[in-house]
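Opened the notebook on a new model today.

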Amino acid sequence: MIRTDREITDRAEQLAIIDACDVCRVALNGDDGYPYIVPLNFGVDVEDGQVYLYFHSANRGHKLNLMARDARATFEMDCDHNFIFYDERMSCTMGYRSVIGRGTVEILPDERKVDGLKILMRHYHAEDFPWSTKLVPATTVWRLKVESMVGKFRDNVHPGESRWTPPAGWNGFDRL
């Protein structure tokens, strides 16, 4: 990483970023030489210090075909997007927090699907809640064993400089 001043290596801080995200983008090795990337809902669990990301999909499809051919994958997630405009400099940037990493994927056996789905749902809803297991047989649950991961942030706070804040309800298209 070029900007080591923005690097986040602390595992607890990385996990806090993951907890704040609602989408994880997973890139698989495509059969045509191009990466295949897909945004997914996810869950996270740490078992004996090992981080796992959990996902679900249908029982067949392109993702599963690619995983069967090559279990290596990369992932990325980001949050806290903040457009920053500096009046004096007439410049702008974007604030954010992100995590990127890589690992290997594995399909969970049938007897572990429900546990994997509970981990996934826990990410979006803190309390347990009743849900139908009727569709579990039609669902593949898989997880990515994180082999390496790094976080990054940019808040671009410069003391003494004013930052433009958009008015409430501003959508950026007011001038069209």
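I started with burial: 35% of the 176 residues of the protein chain count as buried (under 20% relative accessible area, with exposed meaning over 50% and partly exposed in between; 1.4 Å probe, protein chains only). This is a predicted model, where local features need pLDDT of at least 70, side-chain atom pairs count only at pLDDT 80 or more, and totals for chains, interfaces and linings use all residues. Residues are numbered from 1 along each chain as its sequence is written, and side-chain values use heavy atoms, leaving out hydrogens and water.

Next, the elements. I find three helices and nine strands in the protein chain (DSSP runs numbered from the N terminus: helices are H or I, at least four residues; strands are E, at least two). Their order from the N terminus is β-α-β-β-β-β-α-β-β-α-β-β.

Then helix α1, residues 11–20. Which of its residues are buried? I get Gln 14, Leu 15, Ile 17 and Ile 18. They sit on the same side of α1, because they cover an arc of only 155° around the axis (taken from the directions from the helix axis to the C-beta atoms). Ala 12 and Asp 19 are exposed on the face turned away from that buried side.

Last, Arg 143, which I located in strand β8 (residues 139–154). Arg 143 is buried, at 7% relative accessible area. Its side chain makes polar contacts (N or O atoms within 3.5 Å, one able to donate a hydrogen and the other to accept it; residues adjacent in sequence count only if both atoms are side-chain atoms) with the side chains of Glu 47 at 3.3 Å and Glu 106 at 2.6 Å.
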